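My notes follow in the order I checked them.

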Amino acid sequence: MLEKIPRGLGHALRGVRAGFETIASETPALSGIEDVIALESPAFEDGGSIPPRHTADGEGLSPPLSWSAPPPTSKALVLLVEDPDAPSPEPLVHLLAWDLPPTLRTLPEGQFASPDHGGLDEVLGRNAYLRAAWLPPDPPRGHGPHLYVFQIFALAERLNFDGHPGWSRVLAGMEGRVLAKGLLLGTYERP
């Protein structure tokens, strides 16, 4: 949807960004949690460019991910992808997966449902467009590069939500239950 913003408006909004300090892992409740889970993707390096096939300019498939073992007492994992460079007061949520099994270590490409592809959606919360799916990166043209922060959290308890909860409900449920976290940074800018 942001890809439809005209280039001139995107350029005018270039200085309007939510900011890195607004992402979940930087909130006061989670910023003190250790980054001990190594999160990575075979599709892009940490800090590198996300391939177009995983964006709104390509096939829109969720990227493959893998991570190291969480603490042994973990009961669930939460995977969250946010864009802190969105021209909004809060980061744009691109993926919110909750109650993933703590034994899970990899997710293949296209694992999660996305606008043009089927996939897992049972454990997905609502993205910024209120859909239980992977929201492919789609920064406004002329807005500059956007950072996409892939965050994984190991929880001491499962969340056990019904339906597809939103960002604030999942974060409230995580409070006091996070044992460890990990981050992977990707970037994308429209040509």
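How many aromatic pairs does the count come to? I get 3 aromatic pairs. The rule takes rings of Phe, Tyr and Trp (its six-membered ring) with centres within 6.5 Å; planes under 30 degrees apart are stacked, over 60 edge-to-face, and the rest tilted.

Before going on, I note that this is a predicted model, where local features need pLDDT of at least 70, side-chain atom pairs count only at pLDDT 80 or more, and totals for chains, interfaces and linings use all residues. Residues are numbered from 1 along each chain as its sequence is written, and side-chain values use heavy atoms, with hydrogens and water left out.

**Rings.** I looked at Phe44 and Phe150. Their pair is tilted, with 5.5 Å centre to centre and 45 degrees between the planes. The two residues are 106 apart in the chain. Phe44 sits in the loop between strand E1 (39-40) and strand E2 (48-49), Phe150 in strand E7 (residues 146-155). Strands here are DSSP runs (E, at least two residues) and helices likewise (H or I, at least four), numbered from the N terminus. I find both phenylalanines buried, meaning under 20% relative accessible area with a 1.4 Å probe, protein chains only; exposed is over 50% and partly exposed lies in between. Ring pairs join Phe44 and Phe150 with Trp134 in a cluster.

**Sheet.** Next I traced the strand order. Five strands make an open sheet, E2-E8-E7-E4-E5, with mixed pairing. Pairing requires at least two DSSP bridges between two strands. E2 and strand E5 (92-100) are the edges, each pairing on one side only. E7 and strand E8 (residues 178-188) run antiparallel, joined by 10 bridges. Gln151 has Leu183 in E8 as its bridge partner. Helix H2 (residues 167-174) packs on the sheet and touches strand E4 (76-83), E5, E7 and E8. A touch is a contact of heavy atoms within 4.5 Å. The direction of H2 makes about 135 degrees with that of E4. Axes are lines fitted to C-alpha atoms, for helices over the stretch in contact, and angles run from 0 to 180 degrees between N-to-C directions.

**Ser41.** Is Ser41 buried or exposed? Its relative accessible area is 10%, so I log Ser41 as buried. Ser41 lies in the loop between E1 and E2. Leaving out residues up to four places away in sequence, Ser41 touches Pro63, Pro64, Leu65 and Leu184. I also noted 9.4 Å between the C-alpha atoms of Ser41 and Leu107, 66 residues apart along the chain.
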